[in-house]
Amino acid sequence: MRAMFDAGRLLVISPHLDDGALGCGVLLTAAVSARVVTVYTGMPAGKPVLTKWDRDCGFDDSHAAMRARLAEDARAMAILGAEAEHLPFLDSQYAPLPGRERLAKALARTIDAYMPDVVALPLGLHHCDHERVREAALLLLPHRPRLLWLGYEDELYRYRAGVLQRVLGRLARRRIHATPIECAGRGDPRRKRLAIQAYASQLRAIGINTPGAGIEAPERYWWLDTGRIASGGDMPGSADED
């Protein structure tokens, strides 16, 4: 048996502009209704700065970088058929990260306003920005038990040796069960490829120069649950193994 779910009304929590599409692009096209809330979309106040990442992406300063990234995100979300919501927090290249409680309050407002069936959060593999978003979202998990909570594997960090196992181990020690789970609906990989290409500045820095390269592997999701998992009957849905 394998656990299955229906994407239904889907909310994807994305640390940066592109993470949601990279990790959940196919899933977004399978949902009845989809929204991506991106956490770190704030523009540094005052005089523009130039970070190494922004320079590698081809920008002259942080303001130009954020304006371009927001435009890229709008194009990508239009391709995926998803609504976009942007939270005004700064990522770690611009300022110290906000506390997880502050992020959790902002995410709670989004969840309660949108009323999704499914919430997909990053597992937080390797990057401190992603880890902080994961920790903020997990603060909400016990308080909204009627939602289906998914952890998605952060692209491209999931290919680093041992990172997935370390995160799953940490979740287990906190008594958060992580069960592999698949979407019962069919998404559109072609639309995901087109959406990822919209993030041209980010692909340049990541090193993905060929359209579709590095993003063809199937998306993988983990059902996150704080209760007892005893059998397939306790899961959102199940199907026979092929």
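Helices here are DSSP runs of H or I with at least four residues, numbered from the N terminus. The model examined below is predicted.

**Exercise 1.** Determine which helices supply at least two residues each to the lining of the second largest pocket, and describe that lining.

*Solution.* Begin with the volume of the second largest pocket, which is about 480 Å³. Next, consider its lining, formed by 23 residues; nearest the centre lie His16, Trp53, His127, Tyr157 and Gln202. At least two lining residues come from each of α1 (19–30), α2 (52–56), α3 (62–80), α5 (128–140) and α8 (200–206). Finally, sort the lining by residue class: eight are nonpolar, seven polar and eight charged.

**Exercise 2.** Check whether the span of α5 agrees with its number of residues, and list its buried residues.

*Solution.* α5 has 13 residues, so at 1.5 Å a residue the helix should span 18 Å. The C-alpha atoms at its ends are 19 Å apart, which agrees. Its buried residues are Asp129, His130, Val133, Arg134, Glu135, Ala136, Ala137, Leu138 and Leu140.

**Exercise 3.** Explain how the buried residues of α6 are arranged around the helix, and state what they pack against.

*Solution.* First, identify the buried residues of α6 (residues 163–173): Val163, Leu164, Val167, Leu168 and Leu171. Viewed down the helix axis, these residues fall within an arc of 130°, so they line one face of α6. An α-helix has 3.6 residues a turn, so residues three or four places apart point the same way. On the other side of α6, Gln165 and Arg173 are exposed. The buried residues of α6 pack against α5, β7 (177–183) and β8 (221–225). Lastly, Arg175 follows α6 and has a positive phi, near 60°.

Conventions:
Residues numbered from 1 in each chain as written. Predicted model: local features only at pLDDT ≥ 70, side-chain atom pairs only at ≥ 80, totals over all residues. Heavy atoms only, no water. 1 Å grid on protein atoms, 1.4 Å probe; cavity = no way out; pocket = protein on both sides within 12 Å on 5 of 7 lines; lining within 4 Å. Points joined across faces, edges and corners; volume = space filled by probe spheres on them. Nonpolar A, V, L, I, M, F, W, Y, C, P; charged D, E, K, R; others polar. Buried < 20%, exposed > 50% of the residue type's maximum accessible area, 1.4 Å probe, protein only. Arc of directions from axis to C-beta. Contact = heavy atoms within 4.5 Å. Expected span 1.5 Å × (residues − 1).
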